[in-house]
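Open the model in your viewer and keep the selection panel at hand. Each stop below says what to select and what is there.

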Amino acid sequence: MTAPRSVRFDEEVLSRLDKYVKEHPGSSSSSVANMFIDESLRAYEHPGIVFRPGPAGRRAALAGGPDVWEVIAALNAIRTESPDLNGNALASELAAVTGLSSVRVSVALRYYAAYSDEIDERIASNVEVSEREEQLWAAQQALLRRKP
């Protein structure tokens with residue numbers, strides 16, 4: 001639920017906001033300001049997290065590293081392969097598999113703990129797209145093998 005609030009922006013900030021809205025059809029000053037304020041607060045609450053744009057929308061990532069969803073997908077894969085691993089052993093294996101330091105793994109896990117629904121949704125969406133693309137590729141290959 002949204003609540004109206006009067007906020008004053010410096011002219012330079014407002015100008016950049018207007019430019020961003022023009023460059024992103026379908027957005028509004030309110031939706032963009034809300035998004036950037038939310039992301040800034042999340043980054044403040046979770047040092048080491050940044051937000052990146054992409055074809056599927058903006059996403060949380062480790063500064064100078066992978067997206068959080070990628071770290072959590074690796075965690076899920078490790079859990080599937082080694083269900084007995086937990087605690088520090090699981091975190092150490094995740095660091096080894098991803099090539100991240102234990103500190104960066106902790107940053108990703110902490111963000112995931114706070115926003116697991118968002119990250120799980122991103123992972124599920126990526127799996128769906130991947131499966132659809134694989135099916136299309138297989139169909140394309142079958143067409144190419146067909147004899148007239």
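Select Arg16. At 53% relative accessibility, Arg16 counts as exposed (over 50% relative accessible area; buried is under 20%, partly exposed in between; 1.4 Å probe, protein chains only). Arg16 sits in helix 1, residues 11–23. Helices (H or I, at least four residues) and strands (E, at least two) are DSSP runs, numbered from the N terminus. Arg16 and Gln140 are 124 residues apart in sequence, and 45 Å separate them in space, C-alpha to C-alpha.

A note on what you are viewing. This is a predicted model, in which local features need pLDDT of at least 70 and side-chain atom pairs count only at pLDDT 80 or more, while totals for chains, interfaces and linings use all residues. Residues are numbered from 1 along each chain as its sequence is written, and side-chain values use heavy atoms, with hydrogens and water left out.

Next, select His46. This residue lies in the loop between helix 2 (29–45) and strand 1. Is His46 buried or exposed? At 6% relative accessibility, His46 counts as buried. Show side chains: a polar contact of 2.9 Å joins His46 and Arg110 (N or O atoms within 3.5 Å; within protein, one must be able to donate a hydrogen and the other to accept it, and residues adjacent in sequence count only if both atoms are side-chain atoms). Not counting residues up to four places away in sequence, His46 touches Arg110, Tyr111, Ala114 and Tyr115 (heavy atoms within 4.5 Å).

Move to helix 3 (residues 68–81) and helix 5 (residues 102–114). They pack at about 95°, axes 10 Å apart. Axes are lines fitted to C-alpha atoms, for helices over the stretch in contact; angles run from 0 to 180 degrees between N-to-C directions. Helix 3 and helix 5 are therefore roughly perpendicular (65 to 115 degrees). Val68, Val71, Ile72 and Leu75 of helix 3 meet Ala108, Leu109, Tyr111 and Tyr112 of helix 5.

Last stop: Ile49. Leaving aside neighbours within four places in sequence, Ile49 is in contact with Ala43, Ala60, Ala61, Leu62, Val68, Val107 and Tyr111.

Definitions and conventions: Parallel < 35°, antiparallel > 145°, perpendicular 65-115°, else oblique.
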